[in-house]
Structure formats: C-alpha cells, structure tokens
Amino acid sequence: MNNTAHNELGAAKAKGSGAWIALGVLFLALGAQVAAAGAGSPVLMIGDSMMRLPGPSMERELARLPDGIVASSFAGIGTGLARLDAFDWLAKMDELCAERHPKVAVVALGANDRQPMQLAGGSGVVQPGTPEWDAEYSRRIGQAMDRLQAGGCERIIWLLLPPMRDPVVDAFAKRIHELVVAEAATRPAVKAHDFSKMFVDRRTGGYTERIMDPNTAASILVRERDGIHLSPEGARMLALALVKEYWQ
C-alpha cells in the first residue's frame, strides 16, 4: 500500500462509514489506473520471416485500441537461434529492449533453424534431430526468454510454429514446439501460444492453404505458396486473435 492509500485508510477509520465509501472509490480509481497502464504498455513483436507480416498487422490492430498502445515490430529474414554466429538474436533483443522499452514481447522464431549448430566456445557442431542439438537449442530458447525479461518485458508471448506442408519440415516444427513449451513452463512470465487450430484442415487436422470463412463460407487463403509462411490474410487473422486474447 502506498502512503496516500495508507493515510486515507487512517482517516476513514476516524470519520466513519461515509469515509469508507470514499476510500472505496479511491481504491477503485487506483485500480483502474494500474489496469490502464498495463493495458497500454509498449509491445514489441520480433522474429524471423514468420513475423514479417504478422508484426505490422499487430501494430495496426493494437493502434486501433482505445488505450493507445505503442507497438513496433522487427523481422530478421533468414535468421534464427541456430546461427547466432550469422545473426546474434540475443544481442538484437538487448538492443531492441533498450531502444523501445517494451513491457510485452511477441516472439516468432524457429522456422529457419533446421540446420547444424556450433556449440559455445567452438567445442563442436551438433546436428538437427539429435539429443545434443535439442539440448543446445533449448538452452538458446531459454537464453532468449531470459534476455527479454532482463530487458524489461513483463510478459512474453512465444508463438509456436503452425503445421507445415512438407512432412520433414512439419516434424521439425513439432519438435521446436515441444522445446519451446518445455522452456516456457519454467518461466511464469512466458506463454507458449499455439495458434495451429486457426489454420488447419478441419478433416485431417493438418496443413491446409485455405480455410472456410465461418460467416460467409468463402474460401480464404491463409498460407503462402511456400507451405511455411502465413499469407497477408492469415497474418491479419492471427493479429486479430492475439489482440482479442491478450489485450481486450
């Protein structure tokens, strides 16, 4: 309790029931201020090419909210956690947090990471599909989450990869899913967000390029022709769903 509230509490005890009502109004007002500050906290959307379209879509949708949320995005095409030697995502996270002071981060990483990884200190190279690769990649996921929290992010929404058209790529995406979920489970501030159900075939539960609009029955293209990325309309749908779940 801050000093103002403490002093008001003492005054209320001395003055009787009318003062208690006034005190209740005071606490409601303070609570509303805290809620509004949290709702309007700066948001940073970051990731690889999977964030290229959803990031700007989220900026637009968050800007439409009455709280006037400051939102910005950064997408590093062809980057990921597997090749920190080519693009140091951990250092980039530090830089973006220092520049933009986000309280919430939305992250999309992993789509480009099915490749060998150099271990720290040049102690060797690990290959995808091995326990050693999983252990190193998990460590990097955890590092990324911790760096964002250290940079001021009070909440991290880590987007899991959606189903992929190619079976090999899809199996890799599922493994990344498991590693991210495991790391997020040890960090209360991190939410592993699975949006797969929005974009799956209703009959098979697997990959599809198109889904049916439940309102018009029209066919909507939600994935790019590469079988990996979301289409512009898919990105918009994801942005709307995220804003509805976490900001409304």
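A crossing of two helices is right-handed if the near helix is turned clockwise from the far one by less than a right angle. In the predicted model considered here, the crossing of helices α3 and α7 is right-handed. Helix α3 spans residues 54-63 and helix α7 residues 232-247. The two pack with their axes 8 Å apart, at an angle of about 50 degrees. Angles under 35 degrees count as roughly parallel and those from 65 to 115 as roughly perpendicular; α3 and α7 are therefore oblique to each other.

The contact between these helices is formed on the α3 side by Pro54, Ser57, Met58, Glu61 and Leu62. On the α7 side, the residues met are Ala235, Arg236, Leu238, Ala239, Leu240, Leu242, Val243 and Trp247. By residue class, the contact of α3 with α7 comprises 10 nonpolar residues, one polar residue and two charged residues. Ser57 in α3 falls in the polar class, whereas Glu61 in α3 and Arg236 in α7 count as charged.

The cysteines were examined separately. The structure contains zero disulfides. For Cys97, which is in no disulfide, the nearest cysteine sulfur is that of Cys153, 4.2 Å away. Likewise, Cys153 is in no disulfide, and the nearest cysteine sulfur to Cys153 is that of Cys97, at 4.2 Å.

Key: Residues are numbered from 1 along each chain as its sequence is written. This is a predicted model: local features need pLDDT of at least 70, side-chain atom pairs count only at pLDDT 80 or more; totals for chains, interfaces and linings use all residues. Side-chain values use heavy atoms; hydrogens and water are left out. A disulfide is a pair of cysteine sulfur atoms within 2.5 Å. Axes are lines fitted to C-alpha atoms, for helices over the stretch in contact, and angles run from 0 to 180 degrees between N-to-C directions. Helices (H or I, at least four residues) and strands (E, at least two) are DSSP runs, numbered from the N terminus. Angles under 35 degrees count as roughly parallel, over 145 as roughly antiparallel, 65 to 115 as roughly perpendicular and the rest as oblique. Contact means heavy atoms within 4.5 Å.
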